[in-house]
Amino acid sequence: MAYRPYIVGVQEISVEALELLKKGVSGEFLAKKLNISRTAVWKFIKKLESMGYVIEKKRGLGYKIVKSPDLSPYEVASICKNSKFIKEIYYYKVVDSTNQRARELGKSNVLFIAERQLKGRGRYGRVWISKEGGLYFSITLPKLLPLEEVPKITLTTGVAIAKALNGRIKWPNDVLFGGKKICGILCELVGDVENPLIIVGIGINVNNETPEGGISLREIYNREFRRIEVLNNVLESFESYYLRLIGDGWDEIRREWKELSDTLGKYVRIETARGTYEGYAVDIDLDGGLILKNGVKVYSGDCFYLM
Ligand code: BTN
């Protein structure tokens, strides 16, 4: 099945038009600004209405958006306007998996986002149930650091999101609230050594129903959230932590990871491709590896709390 995205560039003029429409603008001004005909303006208005915008039209005064959907391609492009990492948005109403779309396009600096995923992927081949109301997105990054430093990227993403959502981190980067999972992160490295692409896939429980062991923002705070606001907070945090990481900020990020950790001090079982290890989790090493009290060090794996 082919999933058709709605593609928007963050510097697109229609993003500016949306912002003008939120303030209120005449059709004539908008036509001039966008360098299009009045009929094309009318078509743009219709398109926005089909996306869930409510637009007030007053004779002589023009158009004004009085209600915006809680997520739309233009809203997403608008919050990414000043982003250092995101230049283009691929927005899907429904998709198999945003990480899969990112992998197939193979282009960096793109944000793939979907309202629903049919084959959302979790770590270790698990399924990430992706019902309406959650946030499901993947960001593709160019190589920012030497490839052996990828564990740092994984941990940094966890810190950025835990900070934005006020959560704690279960190694390597599940974000928990009250011991339940509010966000899952799937970092993948694809492409070849010459041309690697880092895909950071993030699933956040916002207003969606959650499976056993999960929790949503709606459940925590007992109200509905505007997904665009959650996305904005998370992307701002993500960007600021990544800029710190590539600008020599790893020591500080590592310290913050330890402060936010739900795992250090616990007796854990870590299942990795090379074997299973048990012991007390005691530290995060300078290279991003998790250190167990018995001296074992692991860089990736599945973590279970044993007591
Ligand atoms: C995990 O905790 O196992 C990781 C879950 C990652 C889910 C996100 S949702 C957006 C992106 N697309 C996917 O298919 N997976 C990630």
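Two strands count as paired if DSSP finds at least two bridges between them. Helices (H or I, at least four residues) and strands (E, at least two) are DSSP runs, numbered from the N terminus. Keep in mind that this is a predicted model, where local features need pLDDT of at least 70, side-chain atom pairs count only at pLDDT 80 or more, and totals for chains, interfaces and linings use all residues. Residues are numbered from 1 along each chain as its sequence is written, and side-chain values use heavy atoms, with hydrogens and water left out.

**The five-stranded sheet**
- Five strands make an open, antiparallel sheet, in the order β14-β13-β12-β11-β15.
- β14 (297-298) and β15 (302-305) sit at the edges with a single partner strand each, so one side of each has no neighbour in the sheet.
- β15 pairs with β11 (residues 267-272) in the antiparallel sense, over four bridges.
- Across from Phe-304 in β15 you'll find Arg-269.

**Val-110**
- Val-110 belongs to strand β5 (residues 110-117) and is buried, at 1% relative accessible area.
- Leaving aside residues up to four places away in sequence, Val-110 touches (heavy atoms within 4.5 Å) Glu-88, Tyr-90, Leu-105, Ser-138, Ile-139 and Thr-140.
- Tyr-90 is 20 residues from Val-110 in sequence, and their C-alpha atoms are 7.3 Å apart.

Note on methods
Buried < 20%, exposed > 50% of the residue type's maximum accessible area, 1.4 Å probe, protein only.
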